[in-house]
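Here is a short report for a reader who is meeting this chain for the first time. Look at the sequence and the model, then read on.

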Amino acid sequence: MGNGTSLGKVRGLGSSHAGAHHWLLQRFTAVGNVVLTIWLVASIMLLPDLGYTTVSSWIAQPVPATAMILLVICTFWHARLGLQVLIEDYVQNSGTKFGLIAALNLAVIGGGAFAIFSVARLALGGAA
């Protein structure tokens, strides 16, 4: 008696091509993070000073505000994708896995919403 063939061992364990979409999203968000972070560092270096009035007047312009919001979205999305893979790979209990992914989603949505709200408030001229 044997354990069967290798093919027989993996049958019924899901599709082998389902992870490509997730992998591509991680790569796209990583590229977006690199491009937007380079833009952010270059933009900050070109500012005359880093005082509140200078930075808030810079972020109040449409292009920097939009790019900052895109950076926030891209960063939080990339973090969510990476942490989701970590949870799926290393947490075995399905109930714990579900709870951790739900908590991760809440944290990412909450943090992203707070960051976008902060950028929008500065961009629209709100007081700190």
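## Overall make-up

Helices (H or I, at least four residues) and strands (E, at least two) are DSSP runs, numbered from the N terminus. The chain has five helices and zero strands. Read from the N terminus, its elements run α-α-α-α-α.

The model is predicted: local features need pLDDT of at least 70, side-chain atom pairs count only at pLDDT 80 or more, and totals for chains, interfaces and linings use all residues. Residues are numbered from 1 along each chain as its sequence is written, and side-chain values use heavy atoms, with hydrogens and water left out.

## Surface and contacts

Accessible areas come from the Shrake-Rupley method with a 1.4 Å probe; for residues, only the protein chains shown count as cover. The accessible surface of the chain is about 9000 Å². Carbon and sulfur atoms hold 72% of that surface.

A residue is buried under 20% relative accessible area, exposed over 50%, and partly exposed in between (1.4 Å probe, protein chains only). Of the 128 residues in the chain, 25% are buried. Contact means heavy atoms within 4.5 Å. Among contacts with a separation of 6 or more, 69% join residues 24 or more positions apart.

## H4 against H5

Axes are lines fitted to C-alpha atoms, for helices over the stretch in contact, and angles run from 0 to 180 degrees between N-to-C directions. Angles under 35 degrees count as roughly parallel, over 145 as roughly antiparallel, 65 to 115 as roughly perpendicular and the rest as oblique. The axes of H4 (residues 62–90) and H5 come within 10 Å, crossing at roughly 170 degrees. The two helices are therefore roughly antiparallel.

Residues of H4 in this contact include Met 68, Phe 76 and Leu 83. Those of H5 include Leu 104, Gly 112 and Ile 116. By class, the contact of H4 with H5 has 16 nonpolar, four polar and three charged residues. Here Ala, Val, Leu, Ile, Met, Phe, Trp, Tyr, Cys and Pro count as nonpolar, Asp, Glu, Lys and Arg as charged, and the others, Gly among them, as polar.

## Gly 112

Gly 112 sits in helix H5. It is buried, with a relative accessible area of 9%. Leaving aside neighbours within four places in sequence, Gly 112 is in contact with Val 72 and Phe 76. Its C-alpha atom is separated by 9.6 Å from that of Cys 74, 38 residues away along the chain.

## H3 across H5

The axes of H3 (residues 52–59) and H5 (residues 94–123) come within 7 Å and cross at roughly 95 degrees. H3 is thus roughly perpendicular to H5. Tyr 52, Ser 56 and Ile 59 in H3 meet Val 119, Leu 122 and Ala 123 in H5. This contact has five nonpolar, one polar and no charged residues.

Which residues of H3 are buried? They are Thr 54, Ser 56, Trp 58 and Ile 59. Their cover includes H2, H4 and H5.

## The aromatic pair

Rings of Phe, Tyr and Trp (its six-membered ring) pair if their centres lie within 6.5 Å; planes under 30 degrees apart count as stacked, over 60 as edge-to-face and the rest as tilted. The structure holds one aromatic pair. The ring centres of Trp 39 and Trp 58 are 5.7 Å apart and the planes are at 25 degrees, so the pair is stacked.

Trp 39 lies in H2 (residues 20–46) and Trp 58 in H3, so the pair ties together parts 19 residues apart in sequence. Trp 39 is partly exposed, at 23% relative accessible area. Trp 58 is buried, at 12%.
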